[in-house]
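Thanks for coming. I will go through one model this morning, starting with a record and ending with the packing.

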Amino acid sequence: MPYVSLILGRVVKAVIVLLAILVFNFFLIHAAPGDPAAVMAGEAGATDQQFLEDLRERFGLDQSLPVQLWRYMSGVLQLDFGYSYRQQMPVLDLILDRLPATLLLTGAAFVISLAFGILAGTLAAMRAKRPSGSIIMGLSLLFYATPLYWVAMMAVLVFSVTLDWLPAYGYSTVGAGYTGLTHVGDVAVHLILPALTLGLFFMAVYTRMTRTSMLSVSQQDFVKTARAKGLAPGVIQRRHILRNALLPIITLAGLQAGQMVGGAVLTETVFAWPGIGRLMYEALMQRDYNLLLGIFFFCALLVILFNMLTDVIYRLADPRIKHSAA
Amino acid sequence: MSFFKRFSQNRGALVGLVILGLVALLALLAPFLYPDSPWRMVQRPFLAPGEVSGFWLGTDVMGRDVAAGLAHGAWVSLLIGLISTVVALAIGVPLGALAGYFGGRVDDALMRFTEFFQTIPNFALAIVLVAIMEPSTFSIVLAIAIVSWPPVARLVRGEFLSIKHREYVEAARLVGQTHRDIIIKQILPNTLSPVIVLASLMVATAILLESSLSFLGLGDPDTMSWGYMIGAARTVMRQAWWLSVIPGVAILLTVLALNLVGEGLDDALNPQLARAR
């Protein structure tokens with residue numbers, strides 16, 4: 001089965017990248033100014049020498065660098081990402097606890113941005129020479145230049161503070177104790193602003209990509225043939241141009257989706273959305289390096305999973321692409 | 001058609017150039033218009049724009065002049081945007097050139113390396129780098145450069161791949177020019193146009209990145225920046241909207257202007273690829 005070897009190849013590649021990130025993480029800890037144990041102990045509120053020694057022992061900081069690296073790597077491979085002294089919880093538990101909220105937010109933002117981006121891009125391509133096309137492109141240029149966190153704050157200012165339509169922060173109404181469908185509805189209402197503001201920038205990206213891709217496909221010979229044999233323009237746009245223009249967009253969208261996880265740090269910070277982005281901000285504020293690097297690893301993991309997923313879907317969807325091609 | 005004529009045919013690019021010129025002027029004049037440190041408290045806090053004469057953009061939470069912060073922040077944004085782009089080019093151009101020119105194993109190895117950096121989520125990596133190196137102008141520039149060089153390398157590699165078998169390159173090889181000379185004197189100058197266009201867009205992205213880092217509290221603690229101003233205004237958004245709106249508009253206009261100029265440069269430098277308008 002060629003697909004099996006294809007997927008296997010992807011997995012091997014992903015594992016190599018993840019291992020490289022672990023090595024990278026390890027050296028980052030050691031690049032941090034000061035003795036890692038002192039940093040951790042200082043943050044935990046103790047300057048006792050004995051306590052420092054205990055920490056060094058525990059993290060193996062008295063061993064040579066390669067031994068430390070080995071300890072670190074084998075720890076992670078056993079799903080041990082260390083302990084967060086500030087939050088008094090294992091790093092892995094903290095992250096897993098927050099992961100679903102981030103997946104929900106980035107997933108919603110991805111779907112919104114892709115759907116509206118492709119729609120707007122298609123319209124812009126069909127009306128390339130008309131004012132409405134220019135307006136769409138102007139708006140996408142504007143969103144492309146807007147800082148993610150700022151548009152989030154402005155949305156709060158307009159839709160929560162001024163109009164009082166939507167909640168300004170959080171994942172659900174605190175203390176309301178909703179269950180079942182009411183709870184789902186409550187979360188959905190809280191999700192609207194974060195997902196829209198996170199998706200806005202990426203929507204601009206997809207709009208531009210779709211327009212460019214459609215315009216370049218519409219120059220190709222098979223489209224001219226379709227026109228020559230008298231097909232309706234609408235059919236040509238949908239069946240001939242859009243379908244072919246979408247293929248490169250799927251690949252690029254997969255790559256972009258990974259960047260969304262990074263953008264979520266800003267969105268979640270503004271909206272107090274309880275995901276790993278917000279956790280990363282908390283880790284930053286508390287200089288909790290162990291937690292910070294754990295989250296970084298998970299961000300990379302999410303990106304790789306996302307890329308693999310789109311890659312496989314893309315190759316299955318388009319049989320013209322050779323499996324051997326890297 | 002000359003370069004300037006083609007550039008000025010794109011009206012958006014001209015608007016962008018004007019905005020960019022104004023921002024640059026503001027940045028250059030900041031030390032003369034507002035010789036005091038923008039961190040100094042000069043009036044009562046929370047003055048709305050125009051409430052007290054001489055403070056036409058109001059004051060912030062600590063009674064600092066917003067206009068002074070805006071002017072000094074312009075300098076920081078442009079400087080960090082430019083320098084980090086130059087550093088990113090200094091990493092990406094040589095790697096891309098070597099990969100494209102030599103091909104084979106060199107290409108494989110360098111492109112794996114590039115792919116690795118492209119896989120890691122940009123913004124998360126920048127956060128981690130700045131946090132661990134401690135926030136400073138140096139660490140911010142380095143972090144932005146480290147996350148933005150891969151597209152440069154890929155672009156330059158692609159250009160080298162398409163140029164290296166042209167006749168004039170073969171001719172240079174035939175007369176015995178060294179690899180170094182062929183790369184630097186024959187091929188590199190011909191990859192300049194797309195690199196310039198990409199660089200102008202990278203400055204825009206770098207400014208956005210810097211402002212995002214400052215917003216999260218990872219800015220250089222000694223310099224006033226737009227992102228920091230918005231971050232500091234976040235908790236008082238309800239009381240003082242102007243504190244977050246004004247610097248945000250400044251970032252938006254600057255980044256928009258750079259993108260417009262980038263498109264104009266694209267039209268002017270690559271006329272054969274001019275997009276259908």
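Which residues of chain A does UniProt list for "transmembrane region"? The unreviewed entry gives residues 12–32, 99–123, 135–159, 187–206, 246–271 and 291–314 of chain A. Keep in mind that what you see is a predicted model.

Two of those spans can be set against the coordinates. Residues 187–206 of chain A are 100% helix and 0% strand, with 27 Å between the end C-alpha atoms. Residues 291–314 of chain A are likewise 100% helix and 0% strand, and there the end C-alpha atoms are 34 Å apart.

Now chain A as a whole. Its secondary structure consists of twelve helices and two strands. Going from the N terminus, the order is α-α-α-α-β-β-α-α-α-α-α-α-α-α. Chain A has 326 residues, and 37% of them count as buried. If you take the contacts in chain A with a separation of 6 or more, 70% are between residues 24 or more positions apart.

Next, the contact between the chains. Chain A contributes 41 residues and chain B contributes 31 residues. On the chain A side, the elements giving two or more residues are α1 (2–31), α6 (131–144), α7 (148–162), α10 (233–271), α11 (276–285) and α12 (289–317). By class, that side of chain A has 35 nonpolar residues, six polar and no charged.

One helix pair across the contact is worth looking at. The axes of α10(A) and α5(B) come within 6 Å and cross at roughly 50°. From α10(A), the residues making the contact are A:Q259, A:V261, A:G262, A:G263 and A:V265. From α5(B), they are B:N122, B:F123, B:A124 and B:I127. The classes here are five nonpolar, four polar and no charged residues.

B:I127 comes up again in the core. The largest nonpolar core has 166 residues, and the members that touch the most others are A:M280, A:L292, A:I295, B:A126, B:I127 and B:V128. The element that gives the most to this core is α3(B), with 18 residues. What does A:M280 contact, leaving aside its neighbours within four places in sequence? The list is A:V265, A:L292, A:I295 and B:I127.

Staying with chain B, how many of the eight residues of helix α10 (residues 226–233) are buried? Eight of the eight are, and the helix is described as mostly covered. Its buried residues include B:W226, B:Y228, B:M229 and B:I230. Part of the cover comes from the other chain: α7 of chain A is included, together with α3 (66–102), α9 (192–215) and α11 (241–269) of chain B.

Last, two backbone points to check on your own screens. A:A272 has a positive phi, near 50°, and is not a glycine. A:A272 sits in the loop between α10 and α11 of chain A. Is A:A272 buried or partly exposed? There are 14 C-beta neighbours inside 10 Å, so A:A272 counts as partly exposed. The other point is B:E134, again not a glycine, with a positive phi of about 75°. B:E134 lies in the loop between α5 (122–133) and α6 (137–163) of chain B. With 15 other C-beta atoms within 10 Å, B:E134 is partly exposed.

Note on methods: Residues are numbered from 1 along each chain as its sequence is written. Chains are lettered from A and ligands numbered from 1 in the order in which they are written. This is a predicted model: local features need pLDDT of at least 70, side-chain atom pairs count only at pLDDT 80 or more; totals for chains, interfaces and linings use all residues. Helices (H or I, at least four residues) and strands (E, at least two) are DSSP runs, numbered from the N terminus. A residue is buried if 20 or more other C-beta atoms lie within 10 Å of its own, exposed if 12 or fewer, and partly exposed in between; C-beta atoms are placed from the backbone. Two residues are in contact if their C-beta atoms, placed from the backbone, lie within 7 Å. Ala, Val, Leu, Ile, Met, Phe, Trp, Tyr, Cys and Pro count as nonpolar, Asp, Glu, Lys and Arg as charged, and the others, Gly among them, as polar. UniProt positions are given in the numbering used here, feature names are shortened, and annotations may be inferred rather than shown by experiment. Axes are lines fitted to C-alpha atoms, for helices over the stretch in contact, and angles run from 0 to 180 degrees between N-to-C directions. A nonpolar core is a set of buried Ala, Val, Leu, Ile, Met, Phe, Trp, Tyr and Cys residues joined through C-beta atoms within 7 Å.
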